[in-house]
Amino acid sequence: MAIAVLGSSSQIGMDLFEEVGESHAYNFYTREQCNLYSKSDLKKTIPGHDLVINLAAYTNVELSEKNKISCLRANFIGPKNLALLCSELKIPLIHISTDYVFDGNKLGRYNENDKTNPINFYGASKLLSEEVINKYLDEYLIIRTSWVFGKQKNNFFKTMLRMFLEGKDVSVIDDQLGAPTSSLYLAKTIVQIAKRSIETNFSQWGIYNITGFPYCSWYQFSEEIKEICIGHGLNINSTIEATSSKNTSYMAKRPENSRLNTEKAQKVFDITPDDWKSSLISDFNSKKIQNIINEYDR
Ligand SMILES: NC(=O)c1ccc[n+]([C@@H]2O[C@H](COP(=O)([O-])OP(=O)(O)OC[C@H]3O[C@@H](n4cnc5c(N)ncnc54)[C@H](OP(=O)(O)O)[C@@H]3O)[C@@H](O)[C@H]2O)c1
């Protein structure tokens with residue numbers, strides 16, 4: 001069994017690498033080794049695999065509003081090239097998408113088949129990736145997730161942690177609701193799903209929501225990060241001010257309601273939902289995060 005992982009230096013890719021280690025089944029490819037936009041890179045990389053996991057994407061939501069061509073190359077043309085090749089070679093694809101395909105106007109949780117209507121360019125480009133995969137492939141799994149955090153690279157958790165360690169006061173949006181999702185939990189879940197998807201009788205292809213629980217606002221997320229810091233003996237004096245998204249000057253609009261209903265994935269893949277607060281504590285105690293804390297302690 002051979003599984004290709006594209007975008008291996010993404011947050012999720014790095015956690016996936018830590019999860020499966022040097023397992024012979026998984027082959028990891030960085031952007032340098034396989035650029036999603038390059039048909040020739042894909043043709044060199046993909047054949048011979050039984051499954052492809054695509055973690056590569058243009059993920060800077062704010063910059064997507066300006067760098068539309070770069071965004072479309074990674075989030076539309078790349079997935080299109082990949083889907084066409086996977087279709088030709090009859091290789092199933094696991095692809096990651098986002099809560100930002102929705103406009104956030106629904107009152108309850110979003111189900112997989114709810115009407116999409118992105119309100120920022122990143123969300124629109126990720127929706128294009130979903131549509132093009134659905135157009136060219138029958139055997140695909142699209143995992144929609146949200147607010148990914150972890151010990152790798154940059155994310156909201158690490159930004160807040162640094163602000164607190166620097167003693168800076170922060171102002172955080174409290175009128176957008178969603179679910180923080182641990183990158184390591186996603187990596188573990190992807191391994192579980194990959195295993196199922198390569199079973200000969202597997203047929204439940206399609207879109208799945210996978211996030212952490214419980215839902216919260218960005219403000220509540222930042223409060224939790226601060227509490228964990230203080231609970232672990234850090235002397236944090238930063239204040240957190242709750243603010244409305246109306247007071248911010250972001251180019252990209254974000255949905256007010258990003259809550260995804262994850263019951264379908266739980267049922268089909270026997271997934272245990274992840275309490276993101278526990279995962280946050282594990283990440284906090286990881287060597288990578290402790291090294292950051294120690295840097296500020298000097
Ligand atoms: N982060 C979130 O909160 C979030 C929420 C919902 C969904 N998602 C989705 O989850 C997936 C992984 O997200 P992440 O946060 O783990 O990603 P990330 O850390 O931002 O990394 C994205 C990766 O994609 C690579 N990449 C960009 N363009 C590429 C191209 N043309 N060819 C090959 N690789 C390319 C980048 O390579 P370089 O390292 O060389 O730049 C980078 O390693 C993405 O599909 C994203 O849309 C993320």
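A residue counts as near a molecule if its C-beta atom, placed from the backbone, lies within 6 Å of it. The model is predicted, with local features requiring pLDDT of at least 70 and side-chain atom pairs counting only at pLDDT 80 or more, while totals for chains, interfaces and linings use all residues. Residues are numbered from 1 along each chain as its sequence is written.

**Exercise 1.** Determine which residues come nearest to the ligand, and which elements give two or more residues to the shell around it.

Solution. Of the 25 residues around the ligand, the nearest are Ser10, Gln11, Ala56, Ala57 and Thr59. Two or more residues each are given by helix 1 (11–20), helix 4 (68–89) and strand 4 (93–98), where helices (H or I, at least four residues) and strands (E, at least two) are DSSP runs numbered from the N terminus. Helix 4 supplies the largest share, 3 residues.

**Exercise 2.** Describe how helix 8 and helix 10 cross.

Solution. Begin with the axes, which are lines fitted to C-alpha atoms over the stretch in contact, with angles running from 0 to 180 degrees between N-to-C directions. Those of helix 8 (residues 218–231) and helix 10 (residues 276–284) come within 11 Å and cross at roughly 45 degrees. Helix 8 is therefore oblique to helix 10, since angles under 35 degrees count as roughly parallel, over 145 as roughly antiparallel, 65 to 115 as roughly perpendicular and the rest as oblique. Finally, the contact (C-beta atoms, placed from the backbone, within 7 Å) is made by Glu224, Ile225 and Ile228 of helix 8 with Lys277, Leu280, Ile281 and Phe284 of helix 10.

Conventions:
Contact = placed C-beta atoms within 7 Å.
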